[in-house]
Amino acid sequence: MPENKTNPKNPLRGLLNYEWIVKNIGFFLFLSVLAVLYIANGHMADKTIRRINAINNELKELQFKYKTLKSELMYKTEESQIVQLVAPMGLKISKDMPERIKQ
């Protein structure tokens, strides 16, 4: 009758012995490196997402400023507004038609 090295009561005893662990230490190290890389990748992804959200918020704020400044410029360049601004300087809109200079 062949002799069995594993105990029939505990089948995991053969897998979890010292020799098997030492024999597969390279694989365990490989799995550990993969776990660390996986965690680092998750942290980098979270950091990138936070940076993208911050940049999007800044972009929205700059768009609001742009639209505000553009509307102010449009308002200030209306003819009625320009007339009011230059009235204290003594400038008025001419009532006469422009004349062509003939050569």
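1. Does glutamine 81 count as buried or exposed? At a relative accessibility of 16%, glutamine 81 counts as buried, where buried stands for under 20% relative accessible area, exposed for over 50%, and partly exposed for what lies in between (1.4 Å probe, protein chains only). Glutamine 81 has its place in helix H3, which covers residues 79-86, and, leaving aside residues up to four places away in sequence, it touches Tyr75 and Lys76, a contact being heavy atoms within 4.5 Å.

2. On the basis of the note: this is a predicted model, in which local features need a pLDDT of at least 70 and side-chain atom pairs count only at pLDDT 80 or more, while totals for chains, interfaces and linings use all residues. Residues are numbered from 1 along each chain as its sequence is written, and side-chain values use heavy atoms, with hydrogens and water left out.

3. On confidence: pLDDT, the predictor's confidence in each residue on a scale from 0 to 100, averages 87 over the protein chain, and 85% of the residues score at least 70. Confidence is lowest in H1, with a mean of 85, and highest in H2, with 97. Where pLDDT is low, the predicted coordinates should not be read in detail.

4. On the overall architecture: the protein chain has three helices and zero strands, and its elements, taken from the N terminus on, run α-α-α; helices (H or I, at least four residues) and strands (E, at least two) are DSSP runs, numbered from the N terminus. Of the 103 residues in the protein chain, buried ones make up 1%. The chain exposes about 10900 Å², of which carbon and sulfur atoms supply 63%, with accessible areas taken from the Shrake-Rupley method and a 1.4 Å probe, and with only the protein chains shown counting as cover for residues.

5. On the aromatic residues: rings of Phe, Tyr and Trp (its six-membered ring) pair if their centres lie within 6.5 Å, and planes under 30 degrees apart count as stacked, over 60 as edge-to-face and the rest as tilted. By this rule the count comes to two aromatic pairs. The rings of tryptophan 20 and phenylalanine 28 have centres 5.9 Å apart and planes at 70°, so this pair is edge-to-face. Phenylalanine 27 and phenylalanine 28 form a tilted pair, at 6.5 Å centre to centre and with 50° between the planes. Trp20, Phe27 and Phe28 form one aromatic cluster; tryptophan 20 is partly exposed at 31%, as are phenylalanine 28 at 30% and phenylalanine 27 at 48%.

6. Helix H1 (18-23) and helix H2 (25-76) are the elements that give two or more residues to the patch, and its largest share, nine residues, comes from H2.
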